[in-house]
Amino acid sequence: MAPLRALFLSLLAALPAVRSLDLNLAFESYDNDFIEPSYLLNKNWTNTTVVAQESIVQWADWLAEQGPWSVITSKPFNAPSGDPHDYLSWAPYWWPNCTGVGNTTELTPQQIWKTCPYYQRDGQFNPDRELVNNTGAFSAFSDAVFYNAMAWAINGSSAYSSNVASWIDTWFLAPDTHMNPNLNYAQVIRGPGSDFGAHTGVLDLKCMAKVATAVLVLREGKAPEWNSTVDSGLVSWTNQYIQWLTTSPIALGEAAATNNHGTYYYAQLSSLQIIANDLAGAKATLQKYFSTLYLNQIDANGEQPLEATRTHPYHYRNYNLAAMITNARLAAHVGFDAWNLTSAKGGTILTALNFTMGVPPGDEPASELYPNVGAGAAAYGDPAGAYAAFLARAEQGYPAEPWFFWDQPLGDSGWVRAHAGGAGAATASGAGAGAQPTGGSSKSAPASGSKNGAAPGRVVFGSAGRLCAGAAALVLVHVLLFA
């Protein structure tokens, strides 16, 4: 029996430690978010976030393999200006109608783009929009700096802070690759005489809040790689872009949009003002949003009427909700509490969240809601554990999701302790399944896949589940052999 005992002990020793869990959690780009940098830099994190921290580092590593990104390398031809540094994208929901153009032979794609009128199919993506992928490049870039800045805060490796500084230099500053500070050619509606972008194209840079998080973490954390040259260069670029964003007729059309487009405009503008050290300007921007557009975005029962009429209403409710949450977090950063502000009909961000939680997703991805639920619990409290219970029913392994790391306090429903070797012993587990969320006072599409080659999707347990299964199997072997 001695050799068998030795084999058992060697297998037991080979089980991976908690900090080296290969979660295999497929990457997902969340709609938007802003994290208070002091939360990341103070490192006063609960034990229940250890698995989410591991996910963040894995996503940072996977994203790092994809970069760098620039407006130069992510499109096969230039904007109508001819300048390769001008950002270019095509309106995603617009399709050609070549009936009546008089052609006698089959049109080439280039001829279709120039001669056929285009018309809108709301919510139906034209697949050829991705031939020009400045949009996807910026989305991937914003996620990459977001997660690499957090990875640096988590483990202190200069590889992550170097990545952030280098990628920001490539996208905004480097002579060969920088983006011009405008969106004159974003979401161009193709067809005869179409030479400029649409106001909806301003949405392409909606994730400036993620970039702002990364910049503030390195700036306030005094990362050596974030030097004065990069910082002053970015502030200069940002001020030029703010000038365009607040004066261009294209941009002002987006500022006037009453639905999610307007919400994201104010999130983008205030994020840029924070990057440029204009906190008073950011506060004024957010106060304007909450005193104008916000007033008509939420009904008394929490419905978002401007999103409910869209072709994908579940998505658009969550999309605008994420933007409202981001605006409230940005507002908190500049000293303005917006969490309990009411709309003209008496709705709040909380009532919008609770309403959306009760809407069946249908054939739309239900997971888009989950980061918003975590944010609501962190902002309004979850004393009965109702939000944690909702998440546990919807996605058992939600504490492995990166958003669980920064959406705190939020209970983990006992998942971390059960699946990560007792790492989350100090945990508020959350209440049972029957509780209902209640309000309270405020406490305050890139490529997908995984670093380890997982197919796009939501892999909840991965090796964390295999760790527990493997340990259980070895215990059974021990009982059979040595009882």
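Author: Let's begin with a definition: a charge sits over a ring if NZ of Lys or CZ of Arg is within 6 Å of the ring centre and within 35 degrees of the ring normal. Keep in mind that this is a predicted model.

Reader: Thanks! With that in hand, which ring does Arg121 lie over?

Author: Arg121 lies over the face of Trp95, and the distance to the ring centre is 4.4 Å. You can find another case at Trp90, where Arg190 lies over the face at 3.9 Å from the ring centre.

Reader: Is Arg190 buried or exposed?

Author: Arg190 has a relative accessible area of 7%, and buried means under 20%, so Arg190 is buried. Asp128, at 22% relative accessibility, counts as partly exposed.

Reader: How many salt bridges does the structure hold?

Author: There are nine salt bridges in the structure. One of them joins the side chains of Arg310 and Asp122, at 2.8 Å from N to O. Arg310 lies in the loop between helix H12 (305-308) and helix H13 (313-333), and Asp122 in the loop between strand S2 (118-120) and H5, so this pair ties together parts that are 188 residues apart in sequence. Arg310 is buried, at a relative accessible area of 16%, whereas Asp122 is partly exposed at 23%.

Reader: And which residues are linked in a network of salt bridges?

Author: Look for Asp33, Arg329 and Asp407, which are linked in such a network.

Reader: Let me try Arg219. Where is its place, and what does Arg219 contact?

Author: Arg219 is in helix H7 (residues 208-220). Leaving aside neighbours within four places in sequence, its contacts are Trp226, Asp231, Val235, Ile274, Ile275 and Asn277. With Asp231, the side chain of Arg219 meets in a salt bridge of 2.8 Å, N to O. That pair links helix H7 to helix H8 (residues 228-247), where Asp231 lies, 12 residues apart. Both Arg219 and Asp231 are buried.

Reader: Which peptide bond is cis?

Author: The bond from Gly67 to Pro68 is cis, with omega near 0 degrees. Pro68 lies in the loop between H3 and strand S1 (94-96). The bond from Gln408 to Pro409 is cis too, with omega near 5 degrees.

Reader: On to aromatic rings. How many aromatic pairs are there?

Author: A pair of aromatic rings is described by the distance of the centres and the angle of the planes. A search of the whole structure finds 36 aromatic pairs. One of them, Trp59 with Tyr147, is edge-to-face, with 5.4 Å centre to centre and 75 degrees between the planes. Trp59 is in helix H3 (residues 50-64) and Tyr147 in helix H5 (residues 134-155), 88 residues apart.

Reader: Which residues have the most contacts inside the largest nonpolar core?

Author: They are Phe141, Tyr147, Trp171, Phe172, Ile349 and Trp406, in a core of 115 residues. H5 supplies the largest share, 14 residues. A second, separate core of eight residues includes Leu88, Trp113, Tyr118 and Val188.

Reader: And what does Trp406 touch?

Author: Beyond residues up to four places away in sequence, Trp406 touches Tyr30, Asp33, Ile35, Tyr39, Ile56, Phe146, Tyr147, Met150 and Arg329.

Methods: Residues numbered from 1 in each chain as written. Predicted model: local features only at pLDDT ≥ 70, side-chain atom pairs only at ≥ 80, totals over all residues. Heavy atoms only, no water. Helix = DSSP H or I, 4+ residues; strand = E, 2+ residues; numbered from the N terminus. Contact = heavy atoms within 4.5 Å. Phe/Tyr/Trp six-rings, centres within 6.5 Å; stacked < 30°, edge-to-face > 60°. Salt bridge = Lys/Arg side-chain N within 4 Å of Asp/Glu carboxyl O. Buried < 20%, exposed > 50% of the residue type's maximum accessible area, 1.4 Å probe, protein only. Core = buried A, V, L, I, M, F, W, Y, C linked by side-chain atoms within 4.5 Å.
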